[in-house]
Amino acid sequence: MKNFLNRAIAAYIGFAIGDAFGATTEFMTPNEIRSKYGVLRDIVGGGWLNLKPGEVTDDTGLCLALGNSILYAGGYDTVAAAESFVEWMKSKPVDIGNSTRLGILRYMKKKILYANVDEYSAGNGGLMRVLPLIIYSKGDVNVAIEMAQDQSRITHNNQLSDTAIGIYCHVLNELLLSGDKLSALKVASDCIKKHHVFSFSRYKGENSGYVVDTLRSVLHFYFDGNGFEDTLISTVNNGGDADTIGALTGALAGATYGVDAIPKRWVKKINKQLLSLISLQTILLVGGDSEKNMLILS
C-alpha cells in the first residue's frame with residue numbers, strides 16, 4: 001500500500017502540474033504556440049484566463065471538491081458529490097465548462113441529481129475529475145468505474161463519456177498498482193479492442209474537449225512520451241483543451257515516473273498550500289478514519 005500511496009500522490013501532483021502548465025496554451029493551435037513560445041517548457045501562466053504562473057483551473061478544483069466530499073461523507077455519495085460541486089461553483093472559480101455549470105445549476109434549483117441522457121454532452125468534464133475516486137478505490141477498478149461514471153452523470157450523462165471514464169480508470173488503476181507502462185498499454189489495448197472509437201494508434205493531433213479527442217490525445221502523448229517532462233511538454237504544446245489533457249496525462253505520467261521525476265522548477269510554481277492539500281487528501285483517501293478526516297479538513 002505504501003507504493004500505491006506514493007504513486008497516487010505523484011499522480012495527483014502530476015495532474016495539478018499538467019493543469020497549470022496546459023492552461024497557458026489552452027485553445028491555441030500548435031502553430032500559434034510555436035509562433036509565441038517556440039516550445040513552451042515552463043509554467044508561465046497567462047493564457048486566455050490570464051492566470052498567474054502555477055495557478056490551476058477547474059480540473060484540479062473539481063478533483064479536490066470531489067475528494068473532499070468522500071472524506072466528509074465517509075465514502076462516495078452522489079448527493080455529497082453534487083453538494084461539493086455546488087460549493088465549488090459558489091467559490092467563483094476561474095473557469096467552468098458549460099455542461100458542468102448547467103448540471104450544477106440544475107441540481108441547485110431542482111435537486112435533480114442526473115443530467116438528461118444527451119448524445120451532445122460528450123465533453124470531458126466528467127472524465128477530468130475521476131482521479132480521487134480511482135485513488136479511493138485502492139485497486140478495485142470496477143468500484144472506481146461505478147463511482148466515476150455516477151458522478152459524471154450529474155453533468156455529463158453520455159455513453160461516450162461513460163466509456164472514456166471506464167478506459168481511463170482501467171489504465172490509471174493499473175499504473176497506481178504497478179507503475180508499469182507496458183502493463184498499462186496492454187490494459188488500454190484490451191479496452192480499445194472493445195471500443196474502437198478511442199483508438200490512438202492513428203492519432204492525428206485531435207485535442208478538443210470532446211471526450212473522444214481528449215482520451216485519444218491523453219493516451220497518445222502518455223504512451224509516446226519518455227519521462228514526465230518530455231511527456232508533458234509534448235502534450236501542452238499540442239494546444240486545444242490543453243489544461244484538461246495536460247492534467248489527465250500528468251496523472252498517468254506521475255503514477256509511472258514518480259514525484260522525483262517531476263521537474264522541481266515546475267513544482268516550485270505551484271502554491272505550497274495546494275500541494276499540501278493534494279498530499280493530505282491523497283493520504284486520507286487511501287486510508288484513515290472518517291471522523292478524523294473531518295476534523296483535519298475543517
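Let's start with Lys111, which counts as exposed because its relative accessibility is 52%, and the cut-off for that word is over 50%. Keep in mind as you look around that this is a predicted model. Where in the chain is Lys111? You'll find Lys111 in the loop between α5 and α6. The backbone does something worth a look here too: phi of Lys111 is near 55°, a positive value in a residue that isn't glycine.

Now follow the side chain of Lys111. Which residue does it meet in a salt bridge? The partner is Glu83, with 3.7 Å from N to O. Is Glu83 buried or exposed, or something in between? With a relative accessible area of 30%, Glu83 is partly exposed.

In general, side chains of opposite charge can pair when their charged atoms come close. How many salt bridges does the rule give here? The count comes to 8, so let's visit a few others, using that rule of within 4 Å.

Head over to helix α9 and find Asp190. One of its partners is Lys186, with the closest N and O atoms 3.0 Å apart. Both residues lie in helix α9 (residues 181-194), and they are 4 residues apart, or about one turn of the helix. Asp190 also forms a salt bridge with Lys193, this time at 3.9 Å from N to O. Again, both ends are in helix α9, here 3 residues apart, which is also given as about one turn. As for the surface, Asp190 is partly exposed at 31%, Lys186 is exposed at 54%, and Lys193 is exposed with a relative accessible area of 58%. Elsewhere, salt bridges with shared partners join Asp42, Glu229 and Arg265 into one network.

Next, let's see how two helices meet. Two packed helices are described by the angle between their axes and the distance between the axes. Take helix α1 (residues 2-22) and helix α11 (residues 228-236): their axes come within 10 Å and cross at roughly 35°. The crossing of α1 past α11 is right-handed. Which residues of α1 take part? They are Gly14, Ile17, Gly18, Phe21 and Gly22, and they meet Phe228, Leu232, Ile233 and Val236 in α11. Sort the residues of this contact and you get 6 nonpolar, 3 polar and no charged.

One last stop takes us back to backbone angles. Lys138 isn't a glycine, yet it has a positive phi of about 50°. What part of the chain holds Lys138? Its place is in the loop between α6 and α7 (141-152). At 34% relative accessibility, Lys138 counts as partly exposed, whereas Lys111, where we began, counts as exposed at 52%.

Terms used
Residues are numbered from 1 along each chain as its sequence is written. This is a predicted model: local features need pLDDT of at least 70, side-chain atom pairs count only at pLDDT 80 or more; totals for chains, interfaces and linings use all residues. Side-chain values use heavy atoms; hydrogens and water are left out. Buried means under 20% relative accessible area, exposed over 50%, partly exposed in between (1.4 Å probe, protein chains only). Helices (H or I, at least four residues) and strands (E, at least two) are DSSP runs, numbered from the N terminus. Axes are lines fitted to C-alpha atoms, for helices over the stretch in contact, and angles run from 0 to 180 degrees between N-to-C directions. A crossing is left-handed if the near helix is turned anticlockwise from the far one by less than a right angle, and right-handed if clockwise. Contact means heavy atoms within 4.5 Å. Ala, Val, Leu, Ile, Met, Phe, Trp, Tyr, Cys and Pro count as nonpolar, Asp, Glu, Lys and Arg as charged, and the others, Gly among them, as polar.
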